[in-house]
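Here is a short report on one protein model. Look at the sequence and the structure first, then read on.

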Amino acid sequence: MTAIPRNQWYVAAYGREIGNELFSRTICDEPILFWRTATGEVTAMADRCVHRRFPLSQAPSRLVDDQVICGYHGFTYGTDGRCVAVPGQTRVPRTARLTRYPVVEQDSFVWVWIGDPDRADATRIPRAPWLDSPNYTTVSGMEPLAARFGLLVDNLLDLSHETYLHGGYIGTPEVASTPITTEVDDDAGIVYVSRHMDDAECPPFYAKSTGLSGRISRWQDIEYTPPCLYKLHSRIAPVGVLPNDDGTDPDAFHVEVVYAITPETEHSTHDFWAVARDFALDDDEVTDFLAESNRTVVLQDVEALDVLEQVVAGEPERYQELSINIDTGGLAARRMLKRMIDDATTPVAAS
Ligand code: FES
Ligand SMILES: [Fe+2]
């Protein structure tokens with residue numbers, strides 16, 4: 001049984017990664033070929049020629065006028081995946097077509113549906129509107145992770161690790177010492193984890209970007225929509241400064257930290273990260289600093305999780321955990337993910 005939830009939307013790429021050339025990425029064990037058509041739409045289909053399975057993203061395969069020509073024997077496919085020409089005969093076999101994947105471009109991401117295409121409902125894709133909003137400045141990237149995606153989910157749902165793994169960047173003693181509250185909305189499919197630090201040290205990540213010196217009020221409100229989209233609403237303000245009753249919050253700094261957690265295979269993950277801020281919008285120094293710092297933080301996680309994957313994969317019979325309060329959010333997320341996996345593998349009853 002697979003440990004990856006299917007019949008789900010996953011982030012496959014940033015829109016900027018896909019242009020008018022062949023681009024390949026493996027999502028949930030499926031090698032997928034992407035390109036942006038002449039009309040600007042992103043198209044997604046299997047990256048394996050139906051003839052002898054040569055990867056269509058691989059040179060000398062090429063894209064000519066919205067048709068991809070296999071570099072091995074020349075089978076040619078249109079944007080709908082249908083084969084339009086084969087060598088040595090005029091008749092194209094009827095079954096010669098590539099699997100197509102539903103695709104939606106939204107909030108700077110390219111989302112792809114993995115599973116039964118008839119169940120793809122684009123309205124269910126969770127939103128991250130800050131990422132392409134003019135009211136925010138965003139830095140983003142993607143790091144490959146040689147670990148199963150569940151380890152990254154655990155990692156992001158329990159930020160107490162910031163104190164230890166990310167000291168000197170985003171970690172301070174208060175993150176680990178402040179208790180969390182966890183809420184699960186099963187109908188909406190969201191796990192919330194909150195940690196509000198009312199009087200905390202300001203870590204360099206926020207001191208340098210906001211210019212605040214001295215102690216701060218630091219709120220971390222996590223909103224995870226399994227399987228793929230994780231949002232950390234981060235609020236930083238001088239100690240004692242609170243939002244107004246009407247919800248406006250002009251004296252605080254807001255950072256929306258977004259992760260898209262996309263399985264590449266059962267044991268590797270695409271770790272998409274983005275940091276959107278509502279202050280110092282045109283300050284390139286702040287932009288460069290946040291990009292560099294966050295990438296460093298992500299790589300600290302990657303290094304730790306790559307090690308953990310080796311442990312988990314290598315010692316399955318001895319693998320045992322001991323969970324405490326800080327793990328409540330992670331455990332709730334695991335339950336939701338398990339349900340998604342079970343649902344996707346349960347045959348739908350005939351009606
Ligand atoms: S493998 Fe593609 S044409 Fe033969
Ligand atoms: Fe981390």
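Val311 sits in helix α5 (residues 284–314). Helices are DSSP runs of H or I with at least four residues, numbered from the N terminus. The model is predicted: local features need pLDDT of at least 70, side-chain atom pairs count only at pLDDT 80 or more, and totals for chains, interfaces and linings use all residues. Residues are numbered from 1 along each chain as its sequence is written, chains are lettered from A and ligands numbered from 1 in the order written, and side-chain values use heavy atoms, without hydrogens and water.

How open are single residues? Buried means under 20% relative accessible area, exposed over 50%, and partly exposed in between (1.4 Å probe, protein chains only).

| Residue | Relative accessibility | Class |
|---|---|---|
| Val311 | 31% | partly exposed |
| Cys83 | 6% | buried |
| Cys202 | 14% | buried |

The structure holds 0 disulfides. Cys83 is in none, and the nearest cysteine sulfur, that of Cys49, is 7.3 Å away. A disulfide needs two cysteine sulfur atoms within 2.5 Å.

Helix α1 (residues 149–157) is largely enclosed by the rest of the structure, because 7 of its 9 residues are buried. Among them are Phe149, Leu151 and Asn155.

Technical notes. Helices (H or I, at least four residues) and strands (E, at least two) are DSSP runs, numbered from the N terminus.
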